[in-house]
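Hello,

Here is the structure I promised to pass on to you. Have a look at it first, and my notes follow below.

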Amino acid sequence: MVFRVDQVVLTHPYFLWICAARFHTRIYWGMEYRQLGYSGLKVSALSFGAATFGGGNEFFKAWGDTDVAEAKRLVDLCLDAGVNLFDVANVYSTGLAEEVLGKAIEGKREKLLISTKATFKMGDGPNDVGSSRYHLLQQCDASLKRLGTDYIDIYHMHGFDATTPVEETLDALNTLVHQGKVRYIACSNFSGWHLMKSLSVSERYGWARYVAHQVYYSLVGREYEWELMPLGLDQKVSALVWSPLGWGRLTGKIRRGHPLPETSRLHKTSEQGPQVEDEYLYKVVDALDAVAKETGKTVPQVALNWLLQRPTIASVIIGARNEEQLKQNLVAAEWNLTAEQVATLDKASAVQSVYPYWHQEQFADRNPSPVPQVK
């Protein structure tokens, strides 16, 4: 049985923006599938992030150190829930996360989509980093080997490489697409001009274009809304959201007057992640607590559901240290916050925009925001 989302969500203003931007959605047996930008690919509204696989160094051990046996169980739980997209990167535990994921999906490759990434440093040599043709062709083959597959469904540039011509990067990616090693290309952590220049170059030469942008976006990190979300709507580039719980801050275990929980990535990785002032965090968590009480859901479930209702969002990437945590997070896609509850969270998490966005907000009739600006 197939349920069309546009028969259900027309009453919700946030989905009107998505429909207007032609980010089409469908629901199959409880999991919603959304169109990935300007492509024909459908991805599940929740996807699984495998950064917790392997734990190959101290930084990633703070995220998790899932072995192959546990990874197989997590993959099966995701597939049973309708998750079809699994995200990883070559740099996660220096390739070990890809290896574990590859072993965990053996015999299941045709049931799922794989997203992986390149650009960051993978060796000590001068060409072991960046988005040059040399590095990308080398790293794509290495990722394919580690994953045990012939093709990558979505290949991301993990960051922008300003030392390599955009034309060289996109030509190399277009080559990988034509070789059949990559199905779709995407970017991550780009600024607005990085993405727009890249799209312009692809259009100029008729090359494959970025259909998605993997971004940091959470209730305690809403800068994505200022420029990248309007760009995504205008250019039909979907967002895949990483760290949707604010780098482990929106787990429901961090509150005013409480010490950090014993198990938290923040103990070892807080300086490498997004910075959040304590009082602002507590204000947002207070609002999350209130909405969680109203809905009977957990704080993480509410935070994830808020993201699922934002414009341009194709998929929210969830991670998990164990099966119970994963089961809890998967429930976030099975219901929707009310417009009033969304407004409550919007107000609690609103911050003063930086220039030129605060100036543009004074002329909202000429520069409309994709989401209401609550101050």
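What percentage of the 375 residues of the protein count as buried? The figure is 56%, where buried means under 20% relative accessible area, exposed means over 50%, and partly exposed lies in between (1.4 Å probe, protein chains only).

Before the rest, a word on the ground rules. This is a predicted model, in which local features need pLDDT of at least 70 and side-chain atom pairs count only at pLDDT 80 or more, while totals for chains, interfaces and linings use all residues. Residues are numbered from 1 along each chain as its sequence is written, and side-chain values use heavy atoms, with hydrogens and water left out.

The overall fold

The protein has 14 helices and twelve strands; these are DSSP runs numbered from the N terminus (helices are H or I with at least four residues, strands are E with at least two). Eight of the strands close into a barrel with parallel pairing, in the order β5-β6-β7-β8-β9-β10-β11-β12. From one strand to the next, the twist averages 30 degrees (axes are lines fitted to C-alpha atoms, for helices over the stretch in contact, and angles run from 0 to 180 degrees between N-to-C directions). Among contacts with a separation of 6 or more, 76% join residues 24 or more positions apart, contact meaning heavy atoms within 4.5 Å.

Around β7

Strand β7 (residues 113-118) pairs in the parallel sense with β8 (residues 152-157) over four bridges, and with β6 over three bridges; two strands count as paired if DSSP finds at least two bridges between them. Thr116 stands opposite Tyr155 in β8, and Ser115 in β7 is the bridge partner of Asp87. In a regular strand the side chains alternate between the two faces of the sheet. Here Leu113, Ser115 and Lys117 point one way from β7, Ile114, Thr116 and Ala118 point the other way, and all are buried.

Helix α5 (residues 133-147) lies across β7, β8 and β9 (182-188) and runs at about 135 degrees to β8. His135 lies in α5 and is buried, with a relative accessible area of 0%. Leaving aside residues up to four places away in sequence, His135 touches Thr119, Phe120, Met122, Asn127, Asp128, Val129 and Gly130. In helix α4 (residues 96-104), the buried residues are Ala97, Glu98, Val100, Leu101, Gly102 and Ala104, and they pack against α3 (68-81), β6 (85-87), β7 and α5.

A cavity to look at

Searching the whole structure gives three cavities of 30 Å³ or more. A cavity here is a set of points, on a 1 Å grid over the protein atoms alone, where a 1.4 Å probe fits but cannot get out, and lining residues have an atom within 4 Å of a point. Grid points are joined across faces, edges and corners, and a volume is the space filled by probe spheres set on the points. The second largest cavity holds about 70 Å³, and its lining includes Ser131, Met157, Asp161, Phe190 and Tyr210.

Arg255 sits in the loop between β11 (238-242) and α9 (266-269) and is partly exposed, at 27% relative accessible area. Arg255 touches Tyr282, Val285, Asp289 and Val299, not counting residues up to four places away in sequence.

Best wishes

Key. 1 Å grid on protein atoms, 1.4 Å probe; cavity = no way out; pocket = protein on both sides within 12 Å on 5 of 7 lines; lining within 4 Å.
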